[in-house]
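I opened my notebook to look up how the pieces of this chain hold on to each other. Come along and check each entry against the picture.

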Amino acid sequence: SGATRVTYLRLRPLPVSGLNEVMSVSAFMFAAVTRPSTVGAIAPSSRHLADAMARAAAGAPRLIELGAGTGAITAALCRQHEQIPTLAVEMNDALAQHLRQRFPRVEVRTAAAHLVLRDVRCAGPTALVSSLPFRSLRPPLRARTSRAIERFLLAAPQRRLVQYTYLPRPPFTLRLGAALRWRCVETVWRNAPPAWVWELSVALA
């Protein structure tokens, strides 16, 4: 007879990790199109870079992530420092909402980093873990943000900033004296493009 045979394909659902990756890339692309000056990369951070950033934050009893974006580094912080209180800061509304859905145990604040650092109440050692794109930020925002970070670090000697760059030079110029020092702690070649992980802290005497 002339009957037509119809073949049905059974599609397997994406695992949770794969779904998160798809959602993260979509959120990243939306932010890159709508607010390009606040996105300094061509893609979300690789797992290799995220893991390197989380390693550099080891030992801190409190974590504050600046410019959390799609959550690539947030995920690494949660994997490596599951019991450490973490605050994620993201000024893009859509990305912040994505972070709240993906990481229900992480506190997320939708605000500029310098405003959060001005108002946050935490004493003693803290690691700031930053993905802020200092080279592409508008100069006034870059200056406000870098000064806020320096003031936060100078308020307690045990505090430090962990920040990556795509060039082998410090992320930003220090403005508040010579007490702080940059130190390159790791180079991540398995990232596109390669990245350098830096630590900023009070210089040892």
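**Entry 1: a network of charges**

I started with Arg47, Asp51 and Arg79, which are linked in a network of salt bridges. I counted a salt bridge when a side-chain nitrogen of Lys or Arg lies within 4 Å of a carboxyl oxygen of Asp or Glu. This is a predicted model, where local features need pLDDT of at least 70 and side-chain atom pairs count only at pLDDT 80 or more, while totals for chains, interfaces and linings use all residues. Residues are numbered from 1 along each chain as its sequence is written, and side-chain values use heavy atoms, with hydrogens and water left out.

Helices (H or I, at least four residues) and strands (E, at least two) are DSSP runs, numbered from the N terminus.

My cut-offs were under 20% relative accessible area for buried, over 50% for exposed, and partly exposed in between (1.4 Å probe, protein chains only).

**Entry 2: other salt bridges**

How many salt bridges does the rule give? The count comes to seven.

I noted Asp119 with Arg118, whose closest N and O atoms are 2.9 Å apart. Asp119 is partly exposed at 40% relative accessibility, and Arg118 is exposed at 56%.

Then I looked up Glu199 and Arg160, with their closest N and O atoms 3.7 Å apart.

A reminder to myself: side chains of opposite charge can pair when their charged atoms come close.

**Entry 3: the sheet**

Next I traced the strands. Seven of them form an open sheet in the order β3-β2-β1-β4-β5-β7-β6, with mixed pairing. Two strands pair if DSSP finds at least two bridges between them. At the edges I found β3 (107–109) and β6 (180–188), each pairing on one side only.

I followed β1 to its neighbours. Four bridges join β1 to β2, and the two run parallel; Leu63 stands opposite Thr86 in β2. The chain crosses from β1 through α3 to β2, and this β-α-β crossover is right-handed. Right-handed means that, with the strands pointing away from the viewer, the path from the first strand over the helix to the second runs clockwise.

Four bridges also join β1 to strand β4 (residues 127–130), again in parallel, and Glu65 has Val129 as its bridge partner in β4. Strand β2 (residues 86–89) is joined to β3 by three bridges, and these two run parallel. There, Leu87 has Glu107 as its bridge partner.

Which way do the side chains of β1 point? Leu63 and Glu65 point one way, Ile64 and Leu66 the other, and all are buried. In a regular strand the side chains alternate between the two faces of the sheet.

**Entry 4: the nonpolar cores**

I then looked for nonpolar cores, each a set of buried Ala, Val, Leu, Ile, Met, Phe, Trp, Tyr and Cys residues joined through side-chain atoms within 4.5 Å. The largest has 25 residues, and among those touching the most other members are Ile64, Leu66 and Leu161. Elements giving two or more residues to this core include β1 (63–66), α5 (113–119) and α6 (139–154). Its largest share, five residues, comes from α6. Another core, of 19 residues, lies apart from it, with Val162 and Tyr164 among its members.

Contact means heavy atoms within 4.5 Å. Not counting residues up to four places away in sequence, Leu161 touches residues including Leu128, Ile149, Trp182 and Glu199.

**Entry 5: a loop residue**

My last stop was Ala58, in the loop between α2 and β1. Ala58 is partly exposed, with a relative accessible area of 43%. Ala58 and Gln80 are 22 residues apart in sequence, and 8.3 Å apart in space from C-alpha to C-alpha. Leaving out residues up to four places away in sequence, I found that Ala58 touches His81 and Arg160.
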